[in-house]
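Trainee: I have a new structure to look at. How do I read it step by step?

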Amino acid sequence: MAGPLGELVKCWIAWGGIDERFSPDPAVLASGFQGNLESCRAGALPEVIADWEERHGYRLPAGLRAWLRLSNGLFGSGPLIHPLSAIGPMVPFARVPEMIVQPESWFELGNPNIQTICIDLAYRYPGGGYPIFTSGDDAFGSSPRIIARSFEEWFLELLRQGGREYWFDPGFVHFGDPWQSHRRHVDHPSLARRLGPFADRVARLRDSGADERTIARALGLSQGDVESIFRHLQHVSPDRAPSRAVGS
């Protein structure tokens, strides 16, 4: 069985070698989670974590793996960290300019209350780890934004704030747009040579309002082919030159 939250947090702090001066105040932690033992669950087995990573093709950050071993999720008014079985591809709630297809490396980590919390497992943010960002929500006029440079940075501050969504505080300084950062730091997806000749036509059809299925049917391609072309086309960033098609 999972132990009290305070004891598990102590274990996680010790695992990370974090200076005790930066540890969460026990009173703040207890107040924020109301001393509820249901904030935690039994830890996930190492083989279950490894299976998730193999199925999704991405390795979880060390700090998240360490927490999942202690408690398979973390719960306040909602899931701050989902159980591993519920960590999956991000569900978009906001339109992202210049993005056609969501990166496969974007995963929903939790859904505490206002917006989902997500992680990009494709790259390490300069000076940090895998960045944490909010999903945004068109219904509230809110765009996605990076709120921490790593899981460890976000999780430690979350604990220090007693599980409060501190990233919505007035004056909070975020780290930019997750899509623009992704394009800046992740290699431009290559395109199979056989698909290269279709790229311009796919772009024109999409600009005319055609969807993925219509484009595939018009050009005799699979929807997977069209998605690959979309991923290639959308990735061009002002400070990154596009790559060429490669042999399949």
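This is a predicted model: local features need pLDDT of at least 70, side-chain atom pairs count only at pLDDT 80 or more; totals for chains, interfaces and linings use all residues.

Trainee: Which residues of helix 8 are buried?

Mentor: Helix 8 covers residues 212-219, and its buried residues are Ile215, Ala216 and Leu219. Look down the helix axis. The buried residues fall within an arc of 100°, so they line one face of helix 8.

Trainee: Which exposed residues does the face turned away from the buried side carry?

Mentor: That face of helix 8 carries Arg213, Arg217 and Ala218, which are exposed. Then look just past the helix.

Trainee: How should I read a positive phi?

Mentor: Most residues other than glycine have a negative phi. Now take a residue that is not glycine. Glu98 has a positive phi, near 70°.

Trainee: Where is Glu98 found, and is Glu98 buried or exposed?

Mentor: Glu98 sits in the loop between strand 3 and strand 4. Its relative accessible area is 52%, and over 50% counts as exposed, so Glu98 is exposed.

Trainee: Can we step back to the whole chain? How many helices and strands are there?

Mentor: The protein chain has 9 helices and 7 strands. Its C-alpha atoms fill a box of roughly 60 × 40 × 30 Å along the principal axes. The chain has 248 residues, and 45% of them are buried. The accessible surface is about 12800 Å², with 51% of that belonging to carbon and sulfur atoms.

Trainee: What about contacts along the chain?

Mentor: Take the contacts with a separation of 6 or more. Residues 24 or more positions apart account for 62% of them.

Trainee: In what order do the strands of the sheet lie?

Mentor: 5 strands form an open sheet in the order 3-4-5-6-7, with antiparallel pairing. The edge strands are strand 3 (88-89) and strand 7 (145-148), and each of these pairs on one side only. Follow strand 3 to strand 4. The two run antiparallel and are joined by 2 bridges. Gly88 stands opposite Glu108 in strand 4.

Trainee: Next, the core. Which residues touch the most other members of the largest nonpolar core?

Mentor: Leu74, Trp154 and Phe155 do, in a core of 38 residues. Helix 5 gives the most to this core, with 6 residues. Another core lies apart from it, with 15 residues, among them Leu191, Ala192, Val202 and Ala216.

Trainee: What does Leu74 touch?

Mentor: Leave out residues up to four places away in sequence. The partners of Leu74 then include Leu5, Phe33, Ser39, Trp67 and Phe155.

Trainee: Where does Ser39 lie, and why does Ser39 count as buried?

Mentor: Ser39 lies in the loop between helix 2 (26-33) and helix 3. Ser39 counts as buried because its relative accessibility is 1%, and the cut-off is under 20%. With residues up to four places away left out, Ser39 touches Leu5, Phe33, Gly73, Leu74 and Phe75.

Trainee: Trp67 was on the Leu74 list too. Which residues of helix 4 are buried?

Mentor: In helix 4 (residues 62-70), they are Gly63, Leu64, Arg65, Ala66, Trp67 and Leu68. Those residues pack against several elements, including helix 1 (5-16), helix 3 (46-56) and helix 5 (151-160).

Trainee: How do I check for disulfides?

Mentor: A disulfide is a covalent bond between the sulfur atoms of two cysteines. Look for sulfur atoms within 2.5 Å. The count here is 0 disulfides. For Cys11, the nearest cysteine sulfur is that of Cys40, 11 Å away. Cys11 counts as partly exposed, at 41% relative accessibility. Cys118 is buried, at 0%.

Trainee: One last residue. Is His182 buried or exposed?

Mentor: His182 is buried, with a relative accessible area of 5%. Find His182 in helix 6 (residues 178-185). Beyond four places in sequence, its contacts include Pro103, Trp106, Asp120, Tyr123 and His235. Asp19 is 163 residues from His182 along the chain, and their C-alpha atoms are 31 Å apart.

Key
Residues are numbered from 1 along each chain as its sequence is written. Side-chain values use heavy atoms; hydrogens and water are left out. Buried means under 20% relative accessible area, exposed over 50%, partly exposed in between (1.4 Å probe, protein chains only). Helices (H or I, at least four residues) and strands (E, at least two) are DSSP runs, numbered from the N terminus. Contact means heavy atoms within 4.5 Å. Two strands pair if DSSP finds at least two bridges between them. The arc is that of the directions from the helix axis to the C-beta atoms. A nonpolar core is a set of buried Ala, Val, Leu, Ile, Met, Phe, Trp, Tyr and Cys residues joined through side-chain atoms within 4.5 Å. Accessible areas come from the Shrake-Rupley method with a 1.4 Å probe; for residues, only the protein chains shown count as cover.
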